Amino acid sequence: MKIFTKSVEVKLERTMPANAAAVFDAWLNPKIPGNPWNEAEKVVLNPTVDGLFYWTLRGIGHYGRFTEVSRPSKIVNTWVSPNTAGEESLVTVSFRQDGENTVMTLVHSNLPDTQNGRSHQQGWTYFLDKFLKEFQS
Amino acid sequence: MTDVLTALSHPTRRAIIELLMIKPTRFLDVAKPFNTALNAITKHLKMLERAGLIQREKRGREVFLSFRGEPLKEVAQWVNGLEEYWNTKLDTFEQHFRDIKEKEENP
């Protein structure tokens, strides 16, 4: 987890032993284990720009819309769950071919009350910054 | 958690929290710096109390308000939980490709 002055985001990077197109396609295929739509109880998935998705696990719904679908390099979708307080967070997944492998980067950003433009002291991240060390100790 | 985010979404409530972070304060002293009606401050305090961000303590005849950081821990845990969620997903996703590669190399 990274805490920035204006926002909180989760950023992860992995190297997948496959080409970028295969990894890209697998990310959007609910039958492939490890993508967000796999193992859901119900899935509605339309991975095109402005296409929507909905999936539910243990009765908890997640939904959003795709804002960028650029095969094989990038997928951007909004992400709304009960924990995002009704606001759209943003999931950006990038695929970069590196020899026979693909470097995959996932960034989950714009978490609640952290929209760009709000100042440091205008959201809960300010308080989170202040107290995180105490809670982690 | 939504209560906490909502409670912190208003500048007056954030200012009250800032004040109470320094030290426990009497209700009237909390209201003093704000050019707002007392009942408006009371409403803000109720919202902060409902979110668990402040608590009341009676000392003799006076009621002191103080800050509670615990609900913010919940928010921090949620962000940590989100990181764990994606980590687990990507572990599984990576393993899927490793399994395919292994089958190709050792048919």
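Tutor: Chain A has 137 residues, of which 28% are buried. A residue is buried if 20 or more other C-beta atoms, placed from the backbone, lie within 10 Å of its own. This is a predicted model, in which local features need pLDDT of at least 70 and side-chain atom pairs count only at pLDDT 80 or more, whereas totals for chains, interfaces and linings use all residues. Residues are numbered from 1 along each chain as its sequence is written, with chains lettered from A and ligands numbered from 1 in the order in which they are written.

Student: Which residues touch the most other members of the largest nonpolar core?

Tutor: In soluble globular proteins, nonpolar side chains tend to be buried together. A nonpolar core is a set of buried Ala, Val, Leu, Ile, Met, Phe, Trp, Tyr and Cys residues joined through C-beta atoms within 7 Å. Here the largest has 22 residues, and B:Val4, B:Leu48, B:Leu53 and B:Ile54 touch the most other members. A second, separate core of 13 residues includes A:Met16 and A:Phe24.

Student: At roughly what angle do the axes of H2(B) and H4(B) cross?

Tutor: Two packed helices are described by the angle between their axes and the distance between the axes. Axes are lines fitted to C-alpha atoms over the stretch in contact, with angles from 0 to 180 degrees between N-to-C directions; helices are DSSP runs (H or I, at least four residues). The axes of H2(B) and H4(B) come within 10 Å and cross at roughly 70°. The two helices are therefore roughly perpendicular (65 to 115 degrees). At their contact (C-beta atoms within 7 Å), residues including B:Ile16 and B:Ile17 of H2(B) meet B:His44, B:Met47 and B:Leu48 of H4(B).

Terms used
Buried ≥ 20, exposed ≤ 12 C-beta atoms within 10 Å, placed from the backbone. Parallel < 35°, antiparallel > 145°, perpendicular 65-115°, else oblique. Contact = placed C-beta atoms within 7 Å.
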